[in-house]
Amino acid sequence: MVMPYTAIQFAVLHKLKTFVSGSSKTADHINLSPYLSYISGALAGCAATLGSYPFDLLRTILASQGEPKIYPNMRSATFDILRTRGFRGLYAGLSPTLVEIIPYAGLQFGTYDTFKRWCMAWNNLRSSSISSTTGDSLSSFQLFICGLAAGTCAKLVCHPLDVVKKRFQIEGLQRHPKYGARVEQRAYRNLFDALHRILKSEGWHGLYKGIVPSTIKAAPAGAVTFVAYEFTSDWLESIFTST
C-alpha cells in the first residue's frame, strides 16, 4: 500500500508545484504561497488515495481481524470481498477517507513547507551573523524535524476522521469479540451519522481511540519519507541537469 500511495502522492505533488511555480526544480517550490502548498498537498493526497485505496482497505481488514483469522492472506480477503460485496466492496469507506485525506495531506504538506521556510529564515539569520552562505540549505536533521512536526500536527487534527474511516472499512468483519465490538454491515448511513453515533455512544474519547500509537507510527514515518524524498529529488535533479 505504501509504495503506490507514496509514489503517486509525490509524483502528483511535484507536477502540481511545477505547474503553479513554472519550474520543475524543487528549490523553486519553496517560494509558493502557503495556500498553494495546502491545496497541492490535498490534491496529491486524493490522487494517491484513489490509486491505492484497495490496499489500504485490505491492510485494515487483515490487521483488525485478530485471532482466529478470518482471512489467512490478502488474496483470500480480496476474493471474499469481491464475492460478497462486488468490486465496490474494495472501495468501502472511500468517501470518509477522501474527507479525511484532504485536510490531512493538505496540513501535512502545507505545514511542512511552512516549517521549512522558518528553518531557512533561522539559518539565514545565523549565517548572516557568522558571514556564512549556507542559509538556504537544510540539514537532514532539520528536514526530519520539519516532517515530524508536520506529521504530528496533521495527525492530531485529523485522527477522528481516520477512526470513522476504519469503522467503515471493517463493517461486517466477523472478528472475535475480544478484539473489540463488531461493526455490523451498513452500521452507519454516512460520515456525519458515524460521527454522531460514536460521539453519542463513546463520547469524544471514542473519536481519539488509538491516537498515541497512531501518531508514534505516522509522524516519524512521514518525517523519514520527507527526508528521503528531498535527498532523492535533489540527487535526480543533479543527474539530469548535468547530462
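## A walk along helix H4

Start by selecting residues 74–85: this is helix H4, whose twelve residues reach 16 Å from first C-alpha to last, close to the 16 Å expected at 1.5 Å a residue (the expected span is 1.5 Å times one less than the number of residues). Helices here are DSSP runs of H or I with at least four residues, numbered from the N terminus. You are looking at a predicted model, where local features need pLDDT of at least 70, side-chain atom pairs count only at pLDDT 80 or more, and totals for chains, interfaces and linings use all residues. Residues are numbered from 1 along each chain as its sequence is written, and side-chain values use heavy atoms, without hydrogens and water.

Next, pick Ala 77, Asp 80 and Ile 81, which are buried in H4 (under 20% relative accessible area with a 1.4 Å probe, protein chains only; exposed is over 50%). They sit on the same side of H4 because they cover an arc of only 100° around the axis, taken from the directions from the helix axis to the C-beta atoms. Show helix H3 (34–64) too, as it is part of what covers these buried residues.

Now turn to the face away from the buried side: Arg 75, Phe 79 and Arg 83 are exposed there.

Then visit the ends. At the N-terminal end, Asn 73 caps H4, with a side-chain oxygen 3.2 Å from the backbone nitrogen of Arg 75. After H4 comes Gly 86, with a positive phi near 80°.

Last, select Cys 119, which is buried at 18% relative accessible area. Its closest cysteine sulfur, in Cys 146, is 3.6 Å away, too far for a bond. With a disulfide defined as two cysteine sulfur atoms within 2.5 Å, the count is zero.

Notes
Helix = DSSP H or I, 4+ residues; strand = E, 2+ residues; numbered from the N terminus. Contact = heavy atoms within 4.5 Å. Polar contact = N/O pair within 3.5 Å; in protein donor to acceptor, adjacent residues only side chain to side chain.
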